[in-house]
Amino acid sequence: MESTHMNDSLLACASGHFFRQSLPRLGQKKQVKMRNSFGIRFILLVFVCVCGVYSTNVTILSNPPTNGGLIQTNPDQTVSLTCTVVDSAAPEELLWFRNRQQVSLKDGNRVNTSHVCVQPVSRNDNTVTFTCQLKSNVDVKASIQLEVQYPPTLGKDVNVSAEETRDTVLSCDVQAHPPVSVVWKKNDELMDLSSSNYKTSNNGFTATLSITNVNRDNHQGMYTCEADSSVYGVSKRSFRVTVVDSVMKFPLWPTVAGGVVVLLTILLAVISRWKKIMKCFKKD
């Protein structure tokens with residue numbers, strides 16, 4: 001009998017009747033039904049109100065559309081963003097942020113729906129995150145990120161004069177997204193960079209080839225910087241290196257300073273012997 005009574009009590013709790021289970025007397029049957037009905041309605045009303053408050057959300061629609069939270073675009077293009085409040089019982093003011101900096105919005109572009117336009121897109125917009133949130137609740141927000149794809153601008157082909165026995169540096173701009181891989185070639189052949197005369201570097205912005213102790217027989221020729229992009233393919237920049245005889249260079253300012261010192265020394269010597277010099281010109 002205890003087992004049956006316990007199961008009946010659990011059933012009563014599960015069905016929403018939070019009253020002690022007992023068999024009502026015949027005269028109380030209508031009153032119990034009214035209380036149960038009122039309790040159910042009250043619970044349902046509270047449930048609806050709570051759900052209405054906590055289901056408010058914001059969504060961002062974009063042109064071009066997002067792909068997994070990312071918008072792929074290119075420099076000089078336009079990106080349009082529209083933030084909309086969803087399931088709100090009252091008007092909600094919206095805020096926009098570019099990374100952590102708040103975006104200034106005009107009147108009429110803040111309540112329930114708000115628009116932001118990025119025009120023109122630039123390289124600096126790559127990886128920038130735009131966030132839209134409720135002013136009344138900073139936890140209700142949505143974000144998207146820009147992925148700006150662009151090729152490297154290596155630069156124009158140039159002629160380079162390198163002096164014998166001196167050092168020279170060749171460089172090209174390899175900043176790009178996605179990042180590129182860089183190789184150096186000499187006379188259309190992949191360079192052997194194991195020589196101590198060659199040194200390369202690449203910091204993601206500039207790729208350089210340094211040639212130390214330039215020698216005409218070994219270093220004169222056509223050098224090429226090749227950047228390979230998974231999106232834009234291979235781009236090149238060429239350097240025609242001509243080795244010339246080393247020129248002896250005189251430092252200008254030390255030479256001028258030395259001349260001034262010499263002139264001052266002569267002037268002081270003349271002044272100190274001025275009387276003796278004048279006697280030589282006097283007649284007997």
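In this predicted model, Tyr198 sits across from Ile211 of strand S14. Tyr198 takes us to a pair of strands, S13 and S14, which run antiparallel and are joined by 5 bridges. Strand S14 covers residues 206-211, while strand S13 spans 198-202. Together with S10, these strands make up an open sheet of 3 strands, arranged in the order S10-S14-S13 with antiparallel pairing. The edges are taken by S10 and S13, each of which pairs on one side only. On average, neighbouring strands in this sheet are turned by 15° against each other, if direction is ignored.

Cys172 belongs to strand S10 (residues 168-173) and Cys225 to strand S15 (residues 221-229), so the bond ties together parts of the chain that are 53 residues apart in sequence. The angle about the S-S bond is 60°, and the link of Cys172 and Cys225 is right-handed.

A search of the whole structure turns up 2 disulfides. The other partners are Cys83 and Cys132, whose sulfur atoms lie 2.0 Å apart. Here the torsion about the S-S bond is about -85°, so this disulfide is left-handed. Cys83 is found in strand S3 (residues 79-86) and Cys132 in strand S7 (residues 129-134), which puts the two 49 residues apart and makes this a link between distant parts of the chain. Both Cys83 and Cys132 are buried. Counting the bonded cysteines along the chain, the pattern of the disulfides is 1-2, 3-4. As for Cys117, its relative accessibility is 46%, so this cysteine counts as partly exposed.

In soluble globular proteins, nonpolar side chains tend to be buried together. In this model, the largest nonpolar core has 23 residues, and the ones with the most contacts inside it are Val58, Leu81, Trp96 and Phe130. Which elements give two or more residues to this core? They are strand S1 (57-63), S3, S4, strand S6 (113-118), S7 and strand S8 (141-148). Leu81 shows what such a position looks like from the inside. Setting aside neighbours within four places in sequence, Leu81 is in contact with Leu61, Ser62, Ile71, Trp96, Ser114, His115, Val116, Phe130 and Ile144. Two of the names on that list, Trp96 and Phe130, are also among the residues with the most contacts inside the core.

There is also a second, separate core, made of 21 residues, and it includes Ala176, Cys225, Ala227 and Val241.

Phe97 is another residue worth a look. Its place is in strand S4 (residues 94-98). With a relative accessible area of 16%, Phe97 is buried, because the cut-off for buried is under 20%. Beyond its neighbours within four places in sequence, Phe97 is in contact with Gln102, Val103, Thr129, Phe130, Thr131 and Gln133.

Aromatic rings get their own search, which finds 1 aromatic pair in the whole structure. The partners are Trp184 and Phe239, at 6.0 Å centre to centre and with 35° between the planes, which makes the pair tilted. Trp184 lies in strand S11 (residues 181-186) and Phe239 in strand S16 (residues 233-244); they are 55 residues apart, and the pair links distant parts of the chain. Trp184 and Phe239 are both buried.

Finally, a few totals put these details in context. The protein has 5 helices and 16 strands. Of its 284 residues, 26% are buried. Among contacts with a separation of 6 or more, 61% are between residues 24 or more positions apart.

Definitions and conventions. Residues numbered from 1 in each chain as written. Predicted model: local features only at pLDDT ≥ 70, side-chain atom pairs only at ≥ 80, totals over all residues. Heavy atoms only, no water. Phe/Tyr/Trp six-rings, centres within 6.5 Å; stacked < 30°, edge-to-face > 60°. Helix = DSSP H or I, 4+ residues; strand = E, 2+ residues; numbered from the N terminus. Buried < 20%, exposed > 50% of the residue type's maximum accessible area, 1.4 Å probe, protein only. Disulfide = S-S within 2.5 Å. Pairing = 2+ DSSP bridges. Axes fitted to C-alpha atoms, helices over the stretch in contact; angles between N-to-C directions. Contact = heavy atoms within 4.5 Å. Core = buried A, V, L, I, M, F, W, Y, C linked by side-chain atoms within 4.5 Å.
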